[in-house]
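Subject: A structure for you to look at

Hello! Here is the structure I promised to pass on. Please open it beside this message and follow along as you read.

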Amino acid sequence: MNGFRTGLKHAIPIGLGYFAVAFSLGIIASNAGITAFQGFLTSLLVNASAGENAAFIAIKENASYLQMILIMIVSNIRYVLMSFALSQKMDPRMPLIHRLVLGFFLTDEYFALEIAQDGYVDPVYMYGAICFASPCWALGTAFGILMGNVLPLNIVSALSVALYGMFMAIFVPACKKNRIITLLVLLSFACSFLLSRFTSLSESHITIVLTLLIASLGAIIAPVEDEDA
Amino acid sequence: MHNIYLYILVMTVTVYLIRVLPLTLVRKIIRNRFLRSFLYYVPYVTLAVMSFPAMIDATIHPYSGIIAFLVGLIASYKDLGLFKVTVLCCITVLVMEYLFAAIR
């Protein structure tokens, strides 16, 4: 099967999850007075769930443009880490244009697909995934704005776990092959739970803090050999 | 009152720079062993942190999320793949939410 079609197929769960999350995002956007077209455009260009959520709230509160920049940096800073990690999964001989395009579409979910591949990332495979899932994200936002309360709540609830199911399908099989990854994953669960329950840190800040700490711990106690990374 | 399209432009440019700068500036394979190891572990830790407890907070009833989380762990452990694991999690939540609604 060619890369593009494989990408399309692998993006089905992402598209479903995107639609559900974007739909609930659309409800927030409509509360901020954003039209379906503006919501569609925002999702098409920004591709960030937590970031867009914070941005719509800021628009509702009539924030300044400088505040908007700060909000976007804070809520999306984890992508610096992902972008850094992804730079090592790209063929150094690949034309720059692919990095510029894949950088535009660097989301948690596409990142998951990229690191699940063996060896270097195949851009054509990613374009297949993007062609299916990104329209779902933009359309989901528009639909959420247009008819926020039409879809039954239990359907929205079911769709909203799609993304996490996909994440698990990536890190759990890696645990089977590597005991250190198992240890780090269990530690991540425990710390993430504690920080979310007992501090007021936002989800994206918890992600950054724990990624820095726990991945460093892994690098100290079990540095990888050349063939592993 | 601010212009909505200017807001969208500001958001787009800021987010793009965050995502594309490391990816385009670091074009070589990193030799430093600590950095290589750190970046090797980053994806797994990030995905694990983002999944839990967010998954159990995403559903109407936390118990449907907890059960879907366990189903997802077992299904992924059995190497069912992205699509099947995801669908199983969604169906689990749907069934559980129906049950909880029926009990109440």
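Below are some notes on what turned up in it.

This is a predicted model, in which local features need pLDDT of at least 70, side-chain atom pairs count only at pLDDT 80 or more, and totals for chains, interfaces and linings use all residues. Residues are numbered from 1 along each chain as its sequence is written, while chains are lettered from A and ligands numbered from 1 in the order in which they are written.

Let's begin with confidence. The model has an ipTM of 0.85 and a pTM of 0.73. Within that chain, α4(B) has the highest mean, 95, and α2(B) the lowest, 86.

Now look at chain B itself. It contains five helices and zero strands; helices (DSSP runs of H or I, at least four residues) and strands (E, at least two) are numbered from the N terminus. Its C-alpha trace spans about 55 × 50 × 20 Å along the principal axes. Why is chain B described as more spread out than a compact globule? Its radius of gyration is 20 Å, well over the 13 Å that the globule rule gives for 104 residues. That radius is taken over C-alpha atoms, and the rule is 2.2 Å times the number of residues to the power 0.38.

Next, see how the chains meet. Two residues are in contact if their C-beta atoms, placed from the backbone, lie within 7 Å. The contact between the chains involves 83 residues from chain A and 66 from chain B. On the chain B side, α2(B) gives the most, with 18 residues. By class, that side has 46 nonpolar, 13 polar and seven charged residues. Here Ala, Val, Leu, Ile, Met, Phe, Trp, Tyr, Cys and Pro count as nonpolar, Asp, Glu, Lys and Arg as charged, and the others, Gly among them, as polar.

Chain A is assigned domain 1 (3–162) and domain 2 (178–229), with bounds from an automatic or database domain assignment. Their centres, taken over C-alpha atoms, are 23 Å apart. Five residues of domain 1 of chain A touch five residues of domain 2 of chain A.

The largest nonpolar core has 103 residues, and Val161(A), Phe167(A), Phe171(A) and Val45(B) touch the most other members. Such a core is a set of buried Ala, Val, Leu, Ile, Met, Phe, Trp, Tyr and Cys residues joined through C-beta atoms within 7 Å. Buried means 20 or more other C-beta atoms within 10 Å of a residue's own, exposed means 12 or fewer, and partly exposed is in between, with C-beta atoms placed from the backbone. Residues that Val45(B) touches include Leu184(A), Leu210(A) and Ile214(A).

Finally, a few backbone details. Most residues other than glycine have a negative phi, and most peptide bonds are trans. Phe52(B) and Pro53(B) are joined by a cis peptide bond, with omega about 5 degrees. Asn47(A) has a positive phi, near 50 degrees, and Asp79(B) has one of about 60 degrees. Are these two residues buried or exposed? Asn47(A) is buried because it has 27 C-beta neighbours inside 10 Å, whereas Asp79(B) is exposed, with 12.

Enjoy exploring!

Note on methods. pLDDT = per-residue confidence, 0-100. Lists of a residue's contacts leave out its neighbours within four places in sequence.
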